[in-house]
Amino acid sequence: MKFQATPNHYTGLIDRYRSRLPLSADTLAISLGEGNTPLIRLSNLVKTTGKNVDIYVKYEGLNPTGSFKDRGMTMAVTKAVEAGSKAIICASTGNTSAAAAAYAARAGIKAFVLIPEGKIAMGKLAQAMMYGAITMQIRGNFDDGMQLVKDVAAKTNVTIVNSINPYRLQGQKTASFEIIEELGRAPDYHALPVGNAGNITAHWIGYTESAIQSGEHTTNACSFCEGSCQFTGEPIIAKDSRPKMLGFQADGSAPFMRGAPVKDPETIATAIRIGNPQSWSQAHEVMKESGGWFGELPDSEILNTQLLLASLEGVFCEPASAASVAGVLRDVKSGKIPEGSTIVCTLTGNGLKDPDTAMELSKDAVRLTIDATLDQVNQSILNHL
Ligand SMILES: *Cc1c(COP(=O)(O)O)cnc(C)c1O
């Protein structure tokens, strides 16, 4: 018996946004129901700034494999399968390999993943292995792995699913669509942690396409209307219809702040431990067009924000993700982001990915070992009420 999904059955971002993605009507989607993540308005953490701003977090850690990489991977794998590819490959700090492995399993093709030995969070390694990827732990960092992937893919018939695969950014741009739908407009600022800078570029594509769609399309037809008008000039984008984009890095791994690649990047936020960003020029374009900026934070501030997000808001993200909120809180406090602003921070990955860092960070949490008696439970409650 074949069940037909009801209109209420969410089946992923390809089905939801197919007309805004480079796909034909009958391309079979390889999907795990990614996208449609919560946009949560922060409350307690904002009060600590003493400023009047609205901060939302887009909780991408609730995607099927626990990070935003699923948005890109559903597109990359869908297109790879459509083109007849039997294998995909990526270099990864962990989350790309988890997503690649899962979507490859779903599609029935092989995934090869290169990860830096000893420098990926435990949950991510467990995912790659569980989903059945062929895992290569390299004695080197992400940047070394990326170069190897490019070299091998040039000679072998495997599809690269790193963010240099253009379909990755196409899938990831849908996060901007969702934010605009939920807020009713684009935010004033959008902050992301930056590694290769694929995601910040993808968000800018999404905001730009939305701005064009909602622009003066009827009176000033544009080249984006799929042939129904004659206009071939620059599309019209309403002023202030897109956010200023903010990209935050860890100070030990901040090539955008140094203005050049960093040779030996180091940070506890392993997802953004990248010294040679693949979307270098795109990210600079984003900053120029949006009027935003890059910033850097010490690991201590990133971790402190990760802990505060969990303990004051109930939102558990991984260390790299907290860089977006840490940067925004700092720039709100200093006044660089003015009062009255609406800000969205992307929380790129789930805190459960990296239990080792979380256990260390929360080691001062109250954790009692007691006898299994009513008396000891009662006493523990009284001591802490
Ligand atoms: C991949 C990743 C990033 C960095 O995204 P880029 O597109 O490489 O800039 C940030 N945080 C997490 C959790 C990630 O997995």
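Predicted model: local features only at pLDDT ≥ 70, side-chain atom pairs only at ≥ 80, totals over all residues.
Residues are numbered from 1 along each chain as its sequence is written. Local features required pLDDT of at least 70 and side-chain atom pairs pLDDT 80 or more, whereas totals for chains, interfaces and linings use all residues, and side-chain values rest on heavy atoms, with hydrogens and water left out.

Around the ligand stand 16 residues, of which Lys69, Asn95, Asn196, Ala197 and Thr348 come nearest (a residue is near if one of its heavy atoms lies within 4 Å). This shell divides into 7 nonpolar, 7 polar and 2 charged residues, with Gly counted as polar. Among the polar contacts (pairs of N or O atoms within 3.5 Å), an oxygen atom of the ligand lies 2.7 Å from a side-chain N or O atom of Asn95, and a nitrogen atom of the ligand is 2.8 Å from a side-chain N or O atom of Thr348. The protein covers 97% of the 380 Å² of accessible area that the ligand has on its own (Shrake-Rupley method, 1.4 Å probe).

Aromatic pairs, defined by ring centres within 6.5 Å, number 4. Phe256 and Phe294 form a stacked pair, 4.5 Å centre to centre with 10 degrees between the planes (stacked denotes planes under 30 degrees apart). Phe256 lies in helix α10 (residues 255-258) and Phe294 in strand β9 (residues 293-297), so the pair ties together parts that are 38 residues apart in sequence; helices (H or I, at least four residues) and strands (E, at least two) are DSSP runs.

Definitions and conventions: Polar contact = N/O pair within 3.5 Å; in protein donor to acceptor, adjacent residues only side chain to side chain. Phe/Tyr/Trp six-rings, centres within 6.5 Å; stacked < 30°, edge-to-face > 60°.
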